[in-house]
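The following questions and answers examine a protein through its sequence and coordinates. Please consult both while reading.

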Amino acid sequence: MGKSTHTALLVLGMHRSGTSALAHMCQMLGADLSANLLPPESDNEEGFFEHADIVAIQERLLESLSRRWDDTRMLPEDWQSRSKDFVDELAHILKRDFSDVSLYAVKDPRLSLTLPLWKDILKKQDTRLVCAFMFRDPYAVAASLKKRNLFPYDKSLLLWCMYNLAAEKASRGLTRSVIGFDAFTSDASRVANTLSKELGIEWPAPDAPLESLVKHALVHHKGKTVEEAIHPDIQKWTDELFGLLKAAEKGKADPAAFDRIHAAVKKAAEETEAFAYFWIEDAINIRDLALRLERQKNIFYQEKESLREYIAEQQAAIDTMNIQFNQLEHRIMEAEQVVKFMKESTSWKITAPLRAAVLVARAGLDPSNWRRLRSLGFKDILKHGMLYLKNNISPNNEGIYRTNPNEYQRWIQSFDTLTESDRTQIKEHIKTFKHQPLISVVMPVYNVDEKWLRLAIDSVLNQLYTHWEFCIADDASPAPHIKKVLEEYAAKDKRIKVVFRPTNGHISESSNSALALATGEFVALLDHDDILPEYALYYVVNEINAHPDVDLIYSDEDKIDEAGTRFDPYFKTEWNLDLFLGQNMFSHLGVFRRSILEKINGFRKGREGSQDYDLTLRSLPHTTPERIRHIPKILYHWRAIEGSTARGIDAKMYAFEAARKVIGEYVESTNPGAKMQNSTISVHHRVVWPVPNPAPLVSIIIPTKNGMEILKRAVDSILEKTTYSNYEIMIVNNQSDDPATISYFKEIVKNPKVHVMDYNKPFNYAAINNEAVKAVKGEVICLLNNDTEVISPDWLTEMVGQALRKDVGAVGAKLYFPDNTIQHGGVVLGGGYFKGTVARHFLIRMPRNTQGYFGRAQLVHDVSAVTAACLVTRREIYQRVGGMDEKELKVAYNDIDFCLRLRQKGLLIVWTPYAELYHHESATRGKDDTAERIERLNGEAAVVRMRWSAQLREDPYYSPNLDMIRANFELAFPPRVEKPWQSYEKLEKKKAA
């Protein structure tokens, strides 16, 4: 094995010992800490500089050993053999976030305890391991913990001994540097040089300023300040160990002396009677926690009452809207009669406003359009005519969601309009970019109106980020103004490069001619009648600086009409492969690393109309999902004029056909047997993933208690409608005592496909499914509620095809309430009426035939989680993550937790609208509406919030520009995205302070 090109610097040391400041210094010197860091808190404004995912894994590792970070007991002797599951998780995180980084640093005080695991992981990844071991005056640490955590001195000092002894022993023999906190705070630059010398590190940024790194405000306690009696043995060990660490700092380590103290502390820690008051103190903490939980329960009850009031208000509003709806329906009928009469007129001027009225009437057949029609106003409809209506409602695409145009204008004014102060701050921020790559803007031109061409070129000239080149290819346009305009601009600015093609080759060849002029590190695509906002390239380069290994970047987009009015914004998800295979969510704005475009030889002839789609698909094999970045900001305005696909895909149906062809080529190359079929939305696409022959056995697990009629409806619907043949049904009987149900069990097992097993314990949904998975034989598992009912015959074929993909962890179905409104369209994390809610279903209560937000209700797409009311997964995956959490999540949120653990393994959670079932929600078990059930539900929600706090902050599959309270795809006021220049400004002010 050759010399490793990767170095991992692990920062060791006890809590409150300055390890955060040390990690921050390493970051300032160029070590990569990743962007996924724990956020600052009120008592730690400088931040923790700890990788959020790594901290979460190490916390769970300790929990699995019945330990906490503040446990004064040593880890069990066999702890490493019991921690194998966590090794794979840590290895995945390191590979995901640091595989292309030459030097990275990881800081977490728990590393002092778990370092042996990290040795094995880094060795397998061929990564050089070095350690920076930070220690601090133990009495200063104890004083800090007393103030912060109310720990007694004895406990804090014993913890200090344990952490430092564990770190010293585990790092012995490794390349390490022992650093005293006092030395660090007095001269951080000298410590940086010491680390470089002792660890053999060449800092990527050796001239980074370190003077303001350590603030005196953070050094709360110095020296030995004893505020209470200390156990004599603990004081003896502490003083002696502190002296040994000081000697080690000077290069005079005494391993035998360290081992002697380690043995004494270990023995004392095992003799819990000698330190019984630690456990008494913990009991007091538990009592205090119980009191806090009681207070929290009271708060939840208050919120419940508020919610009831809210529901009552909403019901009253619905009643009012129904009255208005009936009135409007009557007016539409009258308007249709008027239109019928006026159509006989030959005068265009007279019929123009009447044609608009027809459009109103047709759009009004979809109730979801009423609110938008009311907001438009009759005067504006007459003033702007047909185009205005077409931009705001879609009569030929029933049920499609469009953003309220008036609300969007208000949103633009409030959150998407630059001030002069903003421009000044952006320019200052650009100066701080370490990397300022050349961006090549590529634009093919053909016969476009001079007005739109000039606006497109001007939008590039007006960019606040100025290190760009504009590569334009004219595709032999017959219009004389094209050459004149392009030559004019080329003479005006040397950054504009123009090539005039002698013959027309259509858009792919023309784009390649423009691409041949490009020399930039990244290429941005622009159409000849569209425009970029002035901060577009600034946002792109900001993203490149934040993620230097990025290969593909895409942004949000909207449309712009002839009058310059912006409308129909598309706020996209983070990279969503399955949604991308249904629609081209990548364009616009699309930015590519030029080296990838060179590998794939640019655009392909014969893919005109979907050449950008094809370009992105062919780029995917040359990158990874982690290197595809989404900027949640509108950086592209798509011109909606006659003939443009911005006005509707039917304007260029050849583009749809070309897209279907290139998607088919891609999926066939990545998964032979995958086929294209018609989507339920004519302008989008559907991939049908193959099921092998013979098809794998699917075990459908249905827990139940009594409720014979409900269960029978579910089982009959499976047996009568399901076209997938190789399945078995395992009914799990959870203490049924209803004679009719018991009789049904005896009768139904006569069908060779149906089995019944007993679970004679109190209801525990997670445990029931875990036990059933052990008993069934299927390679594929389907978790199914007893209150469901199959609608689509090929539901299981669709879900199994998705689940057998190697990158998919779980698949969810489209579920309806009995009234044909949507019950489940995937799960959005963190949404709900009150802050702290765990999750909320997408599309809830929307009409069954709705297309949803840009087709989301009718397209397969990736989500953060799906409900276990109907969930399909591979058996080996279910077992790999340990099934569902039957200890802490017995009833609720176990499916959310299960899906998040799958995602933690790098697997996708897929929701498909092509598996349709009714869900008679909670028909057997009932709703969580009693005090006992509410308390249980709140407790399980608290578990998920603590376990997945980072993931619940923002769902990657739901834009931060959209409302999170109801998760209904309406605009967020304000959006949950901080502007980069404002983040930079805050950081500068904090440094100055």
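Two strands are taken as paired if DSSP finds at least two bridges between them. The model discussed here is predicted.

Q: Which residue of E2 is the bridge partner of Leu10?
A: Strand E1 covers residues 6-12 and is joined to E2 by five bridges, with the two strands running parallel. Pairing requires at least two bridges. Within E2, the bridge partner of Leu10 is Val106.

Q: Which strands stand at the edges of the open sheet of four strands?
A: The strand order is E2-E1-E3-E4, and the pairing is parallel. An edge strand here has a single partner, so one side of it is left without a neighbour in the sheet. That holds for strand E2 (103-107) and strand E4 (175-180).

Q: What angle does the direction of helix H4 make with that of E1?
A: Neighbouring strands of the sheet are turned by 20 degrees against each other on average, direction ignored. Helix H4 (residues 111-124) packs on this sheet and touches E1, E2 and strand E3 (127-135). The direction of H4 makes with that of E1 an angle of about 170 degrees.

Q: What is omega of the cis peptide bond from His588 to Leu589?
A: His588 is found in the loop between helix H21 (577-582) and strand E12 (590-593), and Leu589 has its place in the loop between H21 and E12. The peptide bond from Ser587 to His588 is cis, with omega near 5 degrees. The bond from His588 to Leu589 is cis, with omega near -15 degrees.

Q: Is Phe969 buried or exposed?
A: Phe969 lies in the loop between helix H32 (949-953) and helix H33 (980-992), and its phi is positive, near 70 degrees, although the residue is not glycine. The relative accessibility of Phe969 is 3%. A residue under 20% counts as buried, so Phe969 is buried.

Q: Is Asn601 buried or exposed?
A: Asn601 is located in the loop between helix H22 (594-599) and helix H23 (611-619). Its phi is near 60 degrees, a positive value in a residue other than glycine. The relative accessible area of Asn601 is 63%, and the cut-off for exposure is over 50%, so Asn601 is exposed.

Q: How many residues apart in sequence are the parts that the pair of Phe842 and Tyr958 ties together?
A: Phe842 and Tyr958 form a tilted aromatic pair, 5.7 Å centre to centre with 45 degrees between the planes. Phe842 lies in the loop between strand E24 (839-841) and strand E25 (852-853), and Tyr958 in the loop between H32 and H33. Both Phe842 and Tyr958 are buried. The parts tied together by this pair are separated in sequence by 116 residues.

Q: Over the ring of which residue does the charged end of Arg410 sit?
A: Lys753 lies over the face of Tyr727, at 4.2 Å from the ring centre. The charged end of Arg410 is 4.2 Å from the centre of the ring over which it sits, that of Phe973.

How values were computed. Residues are numbered from 1 along each chain as its sequence is written. This is a predicted model: local features need pLDDT of at least 70, side-chain atom pairs count only at pLDDT 80 or more; totals for chains, interfaces and linings use all residues. Side-chain values use heavy atoms; hydrogens and water are left out. Buried means under 20% relative accessible area, exposed over 50%, partly exposed in between (1.4 Å probe, protein chains only). Rings of Phe, Tyr and Trp (its six-membered ring) pair if their centres lie within 6.5 Å; planes under 30 degrees apart count as stacked, over 60 as edge-to-face and the rest as tilted. A charge sits over a ring if NZ of Lys or CZ of Arg is within 6 Å of the ring centre and within 35 degrees of the ring normal. Axes are lines fitted to C-alpha atoms, for helices over the stretch in contact, and angles run from 0 to 180 degrees between N-to-C directions. Contact means heavy atoms within 4.5 Å.
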